[in-house]
Amino acid sequence: MTAPRIIGLAGWSGAGKTTLLTRLIPALVARGLRVATLKHAHHEFDVDQPGKDSHRHREAGAGEVIVSSARRWVQIHEVADEGEATLADLLKKLSPCDLVLVEGFKREAHAKLEVHRAANGRPPLHPGDPRIVGVASDTVFPEAGVPVVDLDAIAAIADLVLASSEPFAATLDRLGRRHGAAE
């Protein structure tokens, strides 16, 4: 890949997006790609642990904490009254990579692979979302109008992700316009 690309994995809660990502990422890395992920959470979450210094810093009122070691660093930003960051805002914070996989943000205007599991009992998203470029499912959708691959066919899903991902810059531009950014 020459320029960074992006695609999302969208689906209802319980469809298996995270499980698929944890199987897909190694397949993409094995192809020589630097992969970044960005996950949306619908609830309050914490990556920090009570009693650790970084947690104590946040509890004391720090609006932002960066923890760094020789192996990794993490930035924790408290939103407070600022409101939730947009997908465009978060994408701008990523370091250079070849491919960004976005989990969630199913209502945003980026290319998405739908993850659908019949046992979930929820309707598919692809009929109502023109940004869905493919479906990974345990169900056959002959009328889908987009490629449909089996949830367990990781190599085929990796091929579909690479073929259907879109240029990062174009996605960022479209998302920024959608949210009224004046860049």
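Before we start clicking, one term: two residues are in contact when heavy atoms of theirs lie within 4.5 Å. Keep in mind, too, that this is a predicted model.

**Stop 1: the whole chain.** Show everything as a cartoon. The C-alpha trace spans about 55 × 35 × 35 Å along its principal axes. A compact globule of 183 residues would have a radius of gyration near 16 Å, and this chain has 18 Å, so the two agree. Of the 183 residues, 39% are buried. Among contacts with a separation of 6 or more, 60% join residues 24 or more positions apart.

**Stop 2: H110.** Now select H110, in the loop between strand 5 (99-103) and strand 6 (112-116). Is H110 buried or exposed? Its relative accessibility is 0%, and buried means under 20%, so H110 counts as buried. Show what surrounds it: leaving aside neighbours within four places in sequence, H110 is in contact with I7, G8, L87, V102, G104, F105, R131, E166, T171 and R174.

**Stop 3: F105.** Pick one of those contacts, F105. F105 also lies in the loop between strand 5 and strand 6, and at 10% relative accessibility it counts as buried. Check its backbone: phi is near 50 degrees, a positive value in a residue other than glycine. For background, most residues other than glycine have a negative phi.

**Stop 4: strands 6, 7 and 8.** Select strand 7, residues 132-137, where five of the six residues are buried. On one hand, strand 7 runs parallel to strand 6, with five bridges joining them. On the other, strand 7 pairs with strand 8 (residues 148-150), also in the parallel sense, over three bridges. Zoom in on S137: H116 stands opposite it, and its bridge partner in strand 8 is D150.

**Stop 5: two packed helices.** Finish with helix 1 (residues 17-30) and helix 4 (residues 154-164), whose axes are 9 Å apart at an angle of about 75 degrees. Helix 1 and helix 4 are therefore roughly perpendicular to each other. Which residues meet here? Select L20, R23, L24, A27 and L28 in helix 1, then I154, I157, A158, V161 and L162 in helix 4. Colour them by type: nine are nonpolar, none is polar and one is charged.

Definitions and conventions: Residues numbered from 1 in each chain as written. Predicted model: local features only at pLDDT ≥ 70, side-chain atom pairs only at ≥ 80, totals over all residues. Heavy atoms only, no water. Helix = DSSP H or I, 4+ residues; strand = E, 2+ residues; numbered from the N terminus. Buried < 20%, exposed > 50% of the residue type's maximum accessible area, 1.4 Å probe, protein only. Pairing = 2+ DSSP bridges. Axes fitted to C-alpha atoms, helices over the stretch in contact; angles between N-to-C directions. Parallel < 35°, antiparallel > 145°, perpendicular 65-115°, else oblique. Nonpolar A, V, L, I, M, F, W, Y, C, P; charged D, E, K, R; others polar. Rg over C-alpha atoms; globule rule 2.2 N^0.38 Å.
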